[in-house]
Amino acid sequence: MLGRGSLSMKKIYLDHGATTPVSSEVLDAMIDIYKQEAGNPSSVHQFGRSAKKHLEAARVKVANAIGADPKEIIFTGSGTEADNMAVIGTARLKAKQGKGKHIITSSIEHHAVLDTCKALAKEGFEITYLPVDEFGVVSAADVREALRPDTILVTIMHANNEVGTIQPIAEIGQILKEHQAVFHTDAVQTVGKVPVDVNELQVDMLTVSAHKIYGPKGVGALYMRKGIRIEPLMYGGGQERKIRPSTENLAGIVGFAVAIEKAVEELAVEKQRLETLRDKLIDDILQTIPETKLNGHPTERLPHNANVSFEYIEGESLILSLDMKGIAVSSGSACTSGSLDPSHVLMAMGLSHQTAHGSLRMTLGKATTEEDIDYVVSVLKDVAARLREMSPVWEQRNK
Ligand code: PLP
């Protein structure tokens, strides 16, 4: 099992920001659907009606988890798809209505938003990429200043997936109340980790993904406030109010609903537990390993995220050395696995190439224990010392 010791080597999974294992409750609920529900929710006969009942019950659970009305939930095939629908769907509709072609986003968005904006720029949309401060925070005042009469969409993520910084979404939402621009937030990293309420955040659209909260991969949702319209990206059947046609992934959607309900139910206790472990991990690393630095905001950060730079070490070498010791973490330095480009997030925060390259993201989860943290820190201490011993730059550093 992830996060637990195995027969041969202790295995510790600290990459919950990438994905989480499917929980047993989720798996059981999905198996029940596969075994018992043969119908298509769009069919009028009893098999279809029964499937539809599960689909709509799942919609209620997802809506309740974020303070929405069930009619405002559109199920999608992933968080990426929901982001694309929100950004492209809004842009195309508003442009057609002659409302404008200007979009505001941040320079630290997930590629599901960033690359979508880049694609729209090729279609003639104008994109403003807002900067962030040293902690990775987008300024609400910058959003206000960037707004123009022809701004049609503002899309700013709720929390960053690499450094964990939580953005002032409610404050930005307040500013946008008086403006025509639609406000979208990518909440893939926050739902189930910190309280998320669409009315408190004052957003028009919000993206969720199931696999970050112990649900299945390949399922997500887009919250669309009543009255908000988008151009669909696909055409076909009448499912999901024709906004996202195709026969629903019923088992996946039911699994998603169980996962989100459970995550919200356990949130208060689990958030505090994770924060305590996260702070111990950060403090122990910073205190015992020289020339290390926390990336992201010290307090306004995801409860399970620790992102640390190790000077004079390549992040990739650290990951591989930790992997050999059974510890799974990810690099803050590569946006895509295999890429040697430094992280666009760390660069936007003003880190040097070298520091950005020596960064690790450790994301904790349900199975993480205090013992795991002690083990990870002791391995990191050894590995960092060994890698630095082999580095000519480390020797030269104070000369
Ligand atoms: N947005 C953020 C902030 C993410 O962290 C991720 C996943 O890494 C996504 C979007 C994409 O979600 P999915 O994997 O469901 O497509």
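**View 1. Domain 1 and domain 2 have centres 29 Å apart, taken over C-alpha atoms.** The bounds, which come from an automatic or database domain assignment, are 12-21 + 267-397 for domain 1 and 24-262 for domain 2. Where the two meet, domain 1 puts in 30 residues and domain 2 puts in 32 residues, with contact meaning heavy atoms within 4.5 Å. Keep in mind that this is a predicted model: local features need pLDDT of at least 70 and side-chain atom pairs count only at pLDDT 80 or more, while totals for chains, interfaces and linings use all residues. Residues are numbered from 1 along each chain as its sequence is written, and side-chain values use heavy atoms, with hydrogens and water left out.

**View 2. About 2500 Å² is buried between domain 1 and domain 2.** That's the accessible area (1.4 Å probe) that two parts lose on being put together, summed over both. Carbon and sulfur atoms give 57% of it. On the domain 1 side, Leu267, Leu302 and His344 lose the most area to domain 2, together 22% of what that side buries.

**View 3. Between the domains there are 19 residue pairs in polar contact (both at pLDDT 80 or more), but zero salt bridges.** A polar contact here is a pair of N or O atoms within 3.5 Å; within protein, one must be able to donate a hydrogen and the other to accept it, and residues adjacent in sequence count only if both atoms are side-chain atoms. A salt bridge takes a side-chain nitrogen of Lys or Arg within 4 Å of a carboxyl oxygen of Asp or Glu.

**View 4. Thr80, Asp186, Ser209, His211 and Lys212 are the closest of the 13 residues around the ligand.** To be counted as near, a residue needs one of its heavy atoms within 4 Å of the molecule. Asp186 has a polar side-chain atom 2.6 Å from a ligand nitrogen. Ligand oxygen gets picked up too: a polar backbone atom of Gly79 sits 2.8 Å from one, and an N or O atom in the Gln189 side chain is 2.8 Å from a ligand oxygen.

**View 5. Glu240 and Arg59 pair up through their side chains in a salt bridge (2.9 Å, N to O).** The partners come from distant parts of the chain, 181 residues apart.

Methods:
Helices (H or I, at least four residues) and strands (E, at least two) are DSSP runs, numbered from the N terminus.
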